[in-house]
Amino acid sequence: MSSPALSEYFPLTVGKYITYRVDSTVLTQFGRDTTVRSYRARDIVDAEIQDGMGRKSYRIIRSMTNLAGTNPFVPAYTFEATPESTDWVEYKENNLRFMKLRFPIIEGFQWKGNSFIDASSLNSPVRYLAGWEYQYQDIGQPFTVNGKTYPNTLTILQRDEVVPEGPFNPQFFKQYDYSIEVYAQGIGLIYKNLDHKVWQPPTPPPDSRPGYWEDGSFRIILSALDNN
């Protein structure tokens, strides 16, 4: 079975950009509640560089503005994307190396996309990333986001786990880990939904501590608005 090249879904050309609506869930009231903050972000391939291992990479700069887009974009974050030959596309974010796409692009193909990350040691701040199996789904299918339909996309389901299973009950522990990304042919990432939340239940007297979401709980959704 033939496979398209990874570059078809993760094109890296200096000057290329994608603008996103970002909906970010953050903690309030010392973790007892959450709220959603929305804004715009623009990722632009800024320059071709060499990474720390001497490989050809691309610097991507994320700039931010208000949701309406009426304020100037202000640079906020820097990422690196590295095509490792034709085998995988590596993405470095907050010093974490993700294997975003892996060859071949075939329905159901799986790989350990977080294998470069120390997510297993006791002191790791990202232990929730351990053991994720990325899997291709819906290759070549259309996907609609923000009212625009992209005719040829692929979906990568990275994680879908709830511990324990069943509906949320604030009297009991709960952990959510869900992550999915959608890439459009010739464009790149058009949708991302990453949800990691851990609920600690209330404790009885004498502590009488209310239930709360642990520090580090978050959800972020990126949905494409436009691109060049």
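A residue is termed buried when its relative accessible area is under 20%, exposed when that area is over 50%, and partly exposed in between, as computed with a 1.4 Å probe and protein chains only. By this criterion, buried residues make up 40% of the 228 residues in the chain. The structure is a predicted model, in which local features need pLDDT of at least 70 and side-chain atom pairs count only at pLDDT 80 or more, whereas totals for chains, interfaces and linings use all residues. Residues are numbered from 1 along each chain as its sequence is written, and side-chain values use heavy atoms, with hydrogens and water left out.

The secondary structure comprises 13 strands and zero helices, where strands (E, at least two residues) and helices (H or I, at least four residues) are DSSP runs numbered from the N terminus. The C-alpha trace spans about 60 × 45 × 35 Å along its principal axes. With contact defined as heavy atoms within 4.5 Å, residues 24 or more positions apart account for 50% of the contacts with a separation of 6 or more.

A search of the whole structure finds 16 aromatic pairs, for which rings of Phe, Tyr and Trp (its six-membered ring) must have centres within 6.5 Å, planes under 30 degrees apart counting as stacked, over 60 as edge-to-face and the rest as tilted. One of these pairs, formed by Phe79 and Tyr91, is tilted, with 5.5 Å centre to centre and 35 degrees between the planes. Phe79 lies in strand 4 (residues 74-84) and Tyr91 in strand 5 (residues 88-93), so the pair ties together parts that are 12 residues apart in sequence. Phe79 is buried, at a relative accessible area of 4%, and Tyr91 is likewise buried, at 9%. The rings of Phe168 and Trp213, by contrast, form a stacked pair, because their centres are 5.7 Å apart and their planes at 15 degrees. This pair links distant parts of the chain, 45 residues apart, with Phe168 in the loop between strand 9 (148-163) and strand 10 (174-184) and Trp213 in strand 12 (residues 212-213). Phe168 is partly exposed, with a relative accessible area of 36%, whereas Trp213 counts as buried at 11%. Phe79 and Tyr91 also belong to one aromatic cluster, together with Phe10, Tyr77 and Tyr183.
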